Amino acid sequence: MQIVSNLVKVSIPNYLAGLPIPDSIGGWFRLGVRDWLALIPPTAVLGGISYVSYQTIKKARENGKVNPDIRKEIPKVVDFIDIEDITDKASLCRCWRSKNWPYCDGSHGNLNKETGDNVGPVVIRHKEKK
Ligand code: FES
(Lines give C-alpha, C1' and ligand atoms only; values in the text may rest on other atoms or scores of the structure.)
Protein backbone atom coordinates (compact mmCIF):
# COMPACT_ATOMS: atom_id res chain seq x y z
CA MET A 1 0.00 0.00 0.00
CA GLN A 2 2.97 2.25 0.66
CA ILE A 3 3.99 1.95 -3.00
CA VAL A 4 0.57 3.00 -4.27
CA SER A 5 0.38 5.84 -1.77
CA ASN A 6 3.81 7.11 -2.80
CA LEU A 7 2.93 6.79 -6.47
CA VAL A 8 -0.29 8.78 -6.11
CA LYS A 9 0.94 11.39 -3.61
CA VAL A 10 4.53 11.94 -4.75
CA SER A 11 5.66 10.34 -8.01
CA ILE A 12 2.76 11.23 -10.30
CA PRO A 13 2.42 14.83 -8.99
CA ASN A 14 6.17 15.34 -9.37
CA TYR A 15 6.08 13.92 -12.89
CA LEU A 16 3.14 16.13 -13.87
CA ALA A 17 4.75 19.20 -12.29
CA GLY A 18 7.84 18.59 -14.42
CA LEU A 19 5.94 18.54 -17.71
CA PRO A 20 6.58 21.55 -19.95
CA ILE A 21 2.99 22.77 -20.00
CA PRO A 22 2.97 26.50 -20.80
CA ASP A 23 1.05 29.07 -18.81
CA SER A 24 -0.44 30.74 -21.87
CA ILE A 25 -1.72 29.76 -25.30
CA GLY A 26 1.25 31.51 -26.90
CA GLY A 27 3.54 29.33 -24.83
CA TRP A 28 2.49 26.27 -26.83
CA PHE A 29 4.08 27.85 -29.92
CA ARG A 30 7.36 28.38 -28.11
CA LEU A 31 7.78 24.75 -27.03
CA GLY A 32 10.86 23.00 -28.38
CA VAL A 33 11.16 19.50 -29.81
CA ARG A 34 12.24 18.06 -26.43
CA ASP A 35 9.19 19.63 -24.79
CA TRP A 36 6.83 18.11 -27.36
CA LEU A 37 8.52 14.74 -26.98
CA ALA A 38 8.08 14.96 -23.21
CA LEU A 39 4.34 15.54 -23.73
CA ILE A 40 3.83 12.44 -25.89
CA PRO A 41 3.69 9.80 -23.07
CA PRO A 42 1.13 11.62 -20.87
CA THR A 43 -0.91 12.50 -23.95
CA ALA A 44 -0.92 8.86 -25.03
CA VAL A 45 -1.97 7.75 -21.53
CA LEU A 46 -4.70 10.40 -21.42
CA GLY A 47 -5.88 9.37 -24.90
CA GLY A 48 -5.92 5.70 -23.86
CA ILE A 49 -7.90 6.42 -20.72
CA SER A 50 -10.33 8.55 -22.72
CA TYR A 51 -10.78 5.84 -25.34
CA VAL A 52 -11.37 3.09 -22.77
CA SER A 53 -13.81 5.35 -20.88
CA TYR A 54 -15.66 6.14 -24.10
CA GLN A 55 -15.94 2.46 -24.99
CA THR A 56 -17.12 1.60 -21.47
CA ILE A 57 -19.77 4.33 -21.49
CA LYS A 58 -20.86 3.34 -25.00
CA LYS A 59 -21.29 -0.29 -23.93
CA ALA A 60 -23.13 0.74 -20.77
CA ARG A 61 -25.54 2.84 -22.84
CA GLU A 62 -26.14 -0.07 -25.18
CA ASN A 63 -26.81 -2.40 -22.26
CA GLY A 64 -30.41 -3.42 -22.14
CA LYS A 65 -30.92 -2.72 -25.83
CA VAL A 66 -31.39 -5.71 -28.09
CA ASN A 67 -31.10 -3.91 -31.41
CA PRO A 68 -27.68 -2.30 -31.92
CA ASP A 69 -28.20 -0.77 -35.37
CA ILE A 70 -31.10 -2.09 -37.47
CA ARG A 71 -33.32 0.77 -38.70
CA LYS A 72 -32.68 2.86 -35.59
CA GLU A 73 -34.29 5.86 -37.32
CA ILE A 74 -37.79 4.40 -36.87
CA PRO A 75 -39.62 3.86 -33.55
CA LYS A 76 -40.35 0.15 -34.06
CA VAL A 77 -38.93 -2.48 -36.41
CA VAL A 78 -41.71 -4.61 -37.86
CA ASP A 79 -41.31 -6.91 -40.86
CA PHE A 80 -43.90 -8.79 -42.86
CA ILE A 81 -43.03 -11.88 -44.86
CA ASP A 82 -45.65 -13.56 -46.99
CA ILE A 83 -45.63 -17.29 -46.34
CA GLU A 84 -46.11 -17.85 -50.06
CA ASP A 85 -42.73 -16.20 -50.69
CA ILE A 86 -40.95 -18.86 -48.64
CA THR A 87 -40.16 -21.62 -51.10
CA ASP A 88 -38.63 -24.25 -48.80
CA LYS A 89 -37.58 -22.68 -45.51
CA ALA A 90 -36.54 -19.32 -44.10
CA SER A 91 -34.19 -18.59 -41.19
CA LEU A 92 -35.23 -15.44 -39.38
CA CYS A 93 -32.75 -13.58 -37.25
CA ARG A 94 -33.36 -13.34 -33.52
CA CYS A 95 -30.01 -11.87 -32.50
CA TRP A 96 -30.46 -8.50 -34.26
CA ARG A 97 -26.97 -8.64 -35.77
CA SER A 98 -27.81 -9.85 -39.27
CA LYS A 99 -26.73 -7.69 -42.21
CA ASN A 100 -29.54 -9.36 -44.16
CA TRP A 101 -32.34 -8.49 -41.72
CA PRO A 102 -34.86 -10.02 -41.10
CA TYR A 103 -33.11 -13.14 -42.39
CA CYS A 104 -30.29 -14.85 -40.51
CA ASP A 105 -26.86 -14.45 -42.09
CA GLY A 106 -24.94 -16.39 -39.43
CA SER A 107 -23.85 -13.28 -37.48
CA HIS A 108 -25.26 -14.88 -34.34
CA GLY A 109 -22.16 -17.11 -34.35
CA ASN A 110 -19.84 -14.16 -33.70
CA LEU A 111 -22.23 -12.73 -31.11
CA ASN A 112 -22.30 -16.04 -29.28
CA LYS A 113 -18.49 -16.21 -29.31
CA GLU A 114 -18.22 -12.65 -27.95
CA THR A 115 -20.85 -12.98 -25.25
CA GLY A 116 -20.98 -16.68 -24.45
CA ASP A 117 -24.65 -16.64 -25.39
CA ASN A 118 -26.47 -19.27 -27.43
CA VAL A 119 -28.87 -17.35 -29.66
CA GLY A 120 -29.84 -18.56 -33.11
CA PRO A 121 -32.48 -18.06 -35.77
CA VAL A 122 -36.03 -19.27 -35.95
CA VAL A 123 -36.43 -21.51 -38.98
CA ILE A 124 -39.79 -21.50 -40.70
CA ARG A 125 -40.39 -24.39 -43.07
CA HIS A 126 -43.21 -25.94 -44.96
CA LYS A 127 -44.57 -28.97 -43.15
CA GLU A 128 -44.78 -31.09 -46.28
CA LYS A 129 -41.20 -30.21 -47.36
CA LYS A 130 -39.44 -31.15 -44.07
S1 FES B 1 -27.83 -13.68 -37.68
FE2 FES B 1 -29.20 -13.31 -36.10
S3 FES B 1 -29.95 -15.25 -35.60
FE4 FES B 1 -28.55 -15.62 -37.15
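Residues 76-114 are 18% helix and 10% strand, and their end C-alpha atoms are 26 Å apart. Helices (H or I, at least four residues) and strands (E, at least two) are DSSP runs, numbered from the N terminus. The model is predicted: local features need pLDDT of at least 70 and side-chain atom pairs count only at pLDDT 80 or more, whereas totals for chains, interfaces and linings use all residues. Residues are numbered from 1 along each chain as its sequence is written, and side-chain values use heavy atoms, with hydrogens and water left out.

| Residue | Relative accessibility | Class |
|---|---|---|
| Cys93 | 9% | buried |
| Cys95 | 7% | buried |

The structure holds zero disulfides (a disulfide being a pair of cysteine sulfur atoms within 2.5 Å).

Ser107 is placed in the loop between β1 (89-92) and α4 (108-115). Leaving aside residues up to four places away in sequence, Ser107 touches Cys95, Arg97, Ser98 and Lys99, contact meaning heavy atoms within 4.5 Å. A polar atom of the Ser107 side chain lies 3.4 Å from the backbone oxygen of Arg97.

By an automatic or database domain assignment, the protein is divided into domain 1 (2-62) and domain 2 (83-129). Taken over C-alpha atoms, the centres of domain 1 and domain 2 are separated by 47 Å.

Notes
A polar contact is a pair of N or O atoms within 3.5 Å; within protein, one must be able to donate a hydrogen and the other to accept it, and residues adjacent in sequence count only if both atoms are side-chain atoms. Buried means under 20% relative accessible area, exposed over 50%, partly exposed in between (1.4 Å probe, protein chains only).
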